[in-house]
Amino acid sequence: MILYDYVLSASCYKVRLMAALLGVRLEVKAVNFHPARDHKSAEMLRLNPQGTLPVLVDGDLVLTQSANMLRHLARQNAPQWLGEASGQIDPWLDFAGELNASLGMARLHDVLGFDADIVQVRRDGIRQLRKMEAHLAEQRFAGMGFLAGVAPTIADIACFPNTALAPDGGVSLDPYPSIRLWMRAIRSVPGFVEMPGIHRLHELAPAPERSR
Amino acid sequence: MPGRIDGQDIAIWRGASGQVHAWGDRCPHRGMRLSHGFVRGETLACIYHGWQYDADGGCDHIPAHPNLVPPKTICATTYSCAESDDVIWVALRPTDEKCPSLAGLRGVRSLTIDAAAEQVASHFGQAVNAILRLGTADNITLALQPMDADHCTAHALSDARADRTDVSRWLEHQRRVIEGQPA
């Protein structure tokens, strides 16, 4: 499986993270999204006429939507990641798209200089974070730590990157204790990998020896 | 975890023994937020360069200089901090005040509100105080954390038998009213 990837992209990271958690090896091809805009090159447009990243190629299958990539990886390797009912998963995959348009765009504005109505996208992002915070609190009351149950699903992986990277777009996560607990739970899943801006849980690794 | 009290950023952390600590949210080395750091045993380590601080706030290890005993002058700002009835209380200045009793209540959730603590208190027809007993059937009680002129956090508790989802949704509604958003 080949992933056309940009290391700073939240959507590309969703796919790298899902593959890592499932123990799937991806052949990662780095695309110079910024500043070269190689995702709009003739070669990439032949592969994906929409000119977006990530692109996942599995034999004859070419996927260009990260939600479909998560479904594909889970279906082939560990169907429990699809959740018990798609009715609980699909709304959160749509929600992840909304997060990408709000918090994701705020981050692209601040980090890569994209043109955006920064006040509006931050306001939208905060409204969505409050919605997720309330849902995760209610999940916790019911003994569930993840968006769609007691175990993580593709819904969590889809929503995690743009949420965790919100501070890059000038949106603080300090007001959302349930979201922070949820992020800790995701970062505790065996096989978790980091990306620039999202670090692993150091306390899970043994302390380095002191040479004193 | 991060917190903000009267304009001061605070890092609140719990050692392996369960002891809670409230420190200024700045590493004395490069100013990184200590709330991004990580706890191992009874020490807090900064995420930036790994400087480690003891429970008393003193720096006890600098990984880049493993053989150096850090001077006693390197220390985090510490505040007094106590835990009572599942609520953590922080005092920025020395005080003899006891933590208010919240016995018999159960924590629901903490909501940050885009309004001053005074505005939240007056919405419920009360003077601003550390705790607001709202007199609802569920005995909803708010421990009010003033953050700055425009923000506070309401740590909500209610009767142990109350449906926390109902309480949470009621609080969301109250927040919309306080912030003046369309309900």
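Biologist: How much space lies in the second largest cavity?

Modeller: About 40 Å³, in this predicted model. The structure holds 2 cavities of 30 Å³ or more, and the largest cavity has about 60 Å³ of space.

Biologist: What makes a space a cavity and not a pocket?

Modeller: A 1.4 Å probe fits inside a cavity but cannot get out, whereas a pocket is open.

Biologist: Which residues line the second largest cavity?

Modeller: Chain A gives A:R130, A:E133, A:P175 and A:Y176, while chain B gives B:R109, B:S110, B:L111, B:T112 and B:R175. Strand β10 of chain B brings the largest share, 4 residues. Helix α5 (118–141) of chain A also supplies at least two.

Biologist: How do the residues of that lining divide by class?

Modeller: The lining of the second largest cavity has 3 nonpolar, 2 polar and 4 charged residues. In the largest cavity, the lining divides into 7 nonpolar, 1 polar and 1 charged. Its lining residues include B:F124, B:L142 and B:I178, and α2 (164–179) of chain B gives the largest share, 4 residues.

Biologist: On to the open spaces. What is the volume of the second largest pocket?

Modeller: The second largest pocket has a volume of about 710 Å³. Among its 31 lining residues, A:S11, A:T52, A:L53, A:N100 and A:L108 are the closest to its centre.

Biologist: Which domains does that lining draw on?

Modeller: Domain 1 (2–79) and domain 2 (83–187) of chain A each give at least three residues to the lining of the second largest pocket. Helix α4 of chain A supplies the largest share, 10 residues. By class, the lining has 15 nonpolar, 13 polar and 3 charged residues.

Biologist: Now for the charged pairs. Why is the contact of A:R16 with A:D5 called a salt bridge?

Modeller: The side chains of A:R16 and A:D5 meet at 2.5 Å, N to O. The cut-off for an Arg nitrogen and an Asp carboxyl oxygen is 4 Å, so the pair of A:R16 and A:D5 counts as a salt bridge. A:R16 lies in helix α1 (residues 10–22) and A:D5 in strand β1 (residues 2–5) of chain A, so the pair ties together parts that are 11 residues apart in sequence.

Biologist: Are A:R16 and A:D5 buried or exposed?

Modeller: Buried means under 20% relative accessible area. A:R16 has 15% and A:D5 has 5%, so each counts as buried.

Biologist: Why do A:D174 and B:R33 count as partly exposed?

Modeller: A:D174 has a relative accessible area of 31% and B:R33 has 22%, so each counts as partly exposed. B:R33 also forms a salt bridge with B:D25, with the closest N and O atoms 3.0 Å apart. At 2% relative accessibility, B:D25 counts as buried.

Biologist: How many salt bridges are there over all chains?

Modeller: The search of the whole structure finds 17.

Biologist: And how many aromatic pairs are there over all chains?

Modeller: The count comes to 9 aromatic pairs.

Biologist: Why is the pair of A:Y6 and A:F33 called tilted?

Modeller: The ring centres of A:Y6 and A:F33 are 5.1 Å apart, and their planes meet at 35 degrees. Stacked needs under 30 degrees and edge-to-face over 60, so the pair of A:Y6 and A:F33 is tilted.

Biologist: What makes the pair of A:F160 and A:F192 edge-to-face?

Modeller: The planes of A:F160 and A:F192 are at 80 degrees, with ring centres 6.0 Å apart. The cut-off is over 60 degrees, so the pair of A:F160 and A:F192 is edge-to-face. A:F160 lies in helix α6 and A:F192 in the segment after α7 of chain A, so the pair ties together parts that are 32 residues apart in sequence. Ring pairs link A:F160 and A:F192 with A:Y13 and A:W182 into a cluster.

Note on methods: Residues are numbered from 1 along each chain as its sequence is written. Chains are lettered from A and ligands numbered from 1 in the order in which they are written. This is a predicted model: local features need pLDDT of at least 70, side-chain atom pairs count only at pLDDT 80 or more; totals for chains, interfaces and linings use all residues. Side-chain values use heavy atoms; hydrogens and water are left out. Buried means under 20% relative accessible area, exposed over 50%, partly exposed in between (1.4 Å probe, protein chains only). On a 1 Å grid over the protein atoms alone, a cavity is a set of points where a 1.4 Å probe fits but cannot get out, and a pocket is an open set with protein on both sides within 12 Å along at least five of seven lines; lining residues have an atom within 4 Å of a point. Grid points are joined across faces, edges and corners, and a volume is the space filled by probe spheres set on the points. Ala, Val, Leu, Ile, Met, Phe, Trp, Tyr, Cys and Pro count as nonpolar, Asp, Glu, Lys and Arg as charged, and the others, Gly among them, as polar. Domain bounds come from an automatic or database domain assignment. Rings of Phe, Tyr and Trp (its six-membered ring) pair if their centres lie within 6.5 Å; planes under 30 degrees apart count as stacked, over 60 as edge-to-face and the rest as tilted.
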